[in-house]
Amino acid sequence: MTANASARAIKPELLRTYTEDFNKDRANLIAADAAVSAGVLKAATDYRGVRALPRDFSIELKQGSITNQERSGRCWMFASLNTLRYELMHRWNLEDFEFSETYLFFWDAMEKSNTYLENVLRTLDEATDSRLFEAINESPADDGGWWQMFAALVNKYGLVPKSAYPESENSRNSDDFKQYLNSKLREFAAELRRRSAAGASEDELRALKDEYMGTVYRICAVALGEPPEKFDFFARTKDDDEDKKGEACKCKAEADADGKAESCKCEGKSDAKACKCDKDKSDKPKTGKDERPQIREIGITPLEFYKKYVPVDVNDFVTLANAPLKNRPFNQRYHIRFSANVAEAGDMEFVNVPLDVFKKAALDQLTAGHPIWFACDCTQFALRKDGFFDQSVVRVDQLFGTEFTGDKAHGLEYGDSPSNHAMTFTGVNLDEDGKPNRWKVENSWGKDAGKDGYYVMSDAWFDRYVTELIIRKEYLDDATRALLTTEPVELDPWQPLTRRCR
């Protein structure tokens, strides 16, 4: 061994010192017993931190049943659909509702495949080991995504209820499907590049790409089944008896003979008891028949369903980021190259704002009664099973005897805490001064994760690990809204804040 190599090695005498120091400290031995037996997270759980985060909230939204993405990377899609189903349920007075995640999953696989091949055609002069081509080629049609990818899919393909296109084995557990789809796409990429080097024209290459997309469709249809072009929709509205006095009466969603929803003739009454429809029904003898008003559609298309039944426009939302990086100044609009899933829809964009602006937008939207899509690093100081996001709950600093001092900028710059998961804020607790101290989080890991599928997040964890919010334009301040029309700064697809949520 050379002298230089010896200087780089772990020295035996240092190892002896390390083990002596470890065994002299009783706390190390207790920590090792706990961690080896129970695992790091259980051993590091602080009961005082748990007790400091009760699961009640001064502002809380009524959401439907918890959803489950299972073994797939569709969190961004689930979180997006959860924000929209809340609006649909409350607009149409439904007890529960779930969109088909598989429907958008099918079209996302198709669109990402097409965009990948388009990006291959755009970079034919790039070496395969160039940083740009490696970024494009890393995951051609992987599961991950952002809100804007969701919006692009909805704009083009609409939405359907889960009953019209339910889950399949390959949507619940997508690894095998995506493994072979991605392998085929990379074969296509290699052939496009080979044909180009042999002198094929752009028109010839594009015709070949169209042929390849036929194979992609076949793979997606075999794995997931073909998506519906039209479908029937049926739902029952809630009983008014379950609602508060003064809410819209039951008959507002009754269908006419053509199967189209019409407004209640009694709407506008200040007292729900004054609704004639309720009085007529109360005079009838009770039977076992479910007489709740119905919503029924026959042969509706996905785009028609979205436009008729979803009371918000997916284009009225803006991505706010809070990334305190020196090379990402606040109050600036950014554009990420090669980040689209739908080629013609354009790449992803966001506005980077200071934390106070970021948090105020979230509070204003929740206070107004609307849930919020957000992205974070869900692995840091988190208890997946018990449902906590808080550094005071997961005391790995005490367990390992060392402080974790990295801040938000460090986590983003060094890739230690990138955005890797999307969820939905459905509540917040305000202290006596009106400031948030904990947030209610709807996850998409099923009802057995967290408390019935919900998590509680400390406000300190929000500040440190929440990096993106999807905010309705009406809840932006004037200065932030003005940034939406400014010229964006372009970012490369490997830079911070470009990773897709899974």
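This report describes the overall build of a protein, one of its helices and its aromatic contacts.

The model is predicted: local features require a pLDDT of at least 70 and side-chain atom pairs a pLDDT of 80 or more, while totals for chains, interfaces and linings use all residues. Residues are numbered from 1 along each chain as its sequence is written, and side-chain values use heavy atoms, with hydrogens and water left out.

**Overall build**

The protein has 19 helices and 14 strands, which are DSSP runs numbered from the N terminus (helices: H or I, at least four residues; strands: E, at least two). Its C-alpha atoms fill a box of roughly 95 × 70 × 45 Å along the principal axes. Of the 502 residues, 50% are buried (under 20% relative accessible area with a 1.4 Å probe, protein chains only; exposed is over 50%, and partly exposed lies in between). Among contacts (heavy atoms within 4.5 Å) with a separation of 6 or more, 78% join residues 24 or more positions apart.

**Helix 9**

Helix 9 spans residues 147-157, and because eight of its eleven residues are buried, the rest of the structure largely encloses this helix. The buried positions are Trp147, Met149, Phe150, Ala151, Ala152, Leu153, Val154 and Tyr157. After the helix comes Gly158, with a positive phi near 75 degrees.

**Aromatic pairs**

The whole structure contains 28 aromatic pairs. Rings of Phe, Tyr and Trp (its six-membered ring) pair if their centres lie within 6.5 Å; planes under 30 degrees apart count as stacked, over 60 as edge-to-face and the rest as tilted. Two of these pairs are tabulated.

| Pair | Centre to centre | Angle between planes | Class |
|---|---|---|---|
| Trp147 and Phe150 | 5.1 Å | 50 degrees | tilted |
| Phe233 and Tyr309 | 5.5 Å | 65 degrees | edge-to-face |

Trp147 and Phe150 are both in helix 9, three residues apart, about one turn of the helix. The relative accessible area is 2% for Trp147 and 0% for Phe150.

Phe233 belongs to strand 2 (residues 231-236) and Tyr309 to helix 14 (residues 302-309), so this pair ties together parts that lie 76 residues apart in sequence. Phe233 and Tyr309 are both buried.

**Charges over rings**

A charge sits over a ring if NZ of Lys or CZ of Arg is within 6 Å of the ring centre and within 35 degrees of the ring normal. The charged end of Arg74 is placed over the ring of Phe105, 5.4 Å from its centre.
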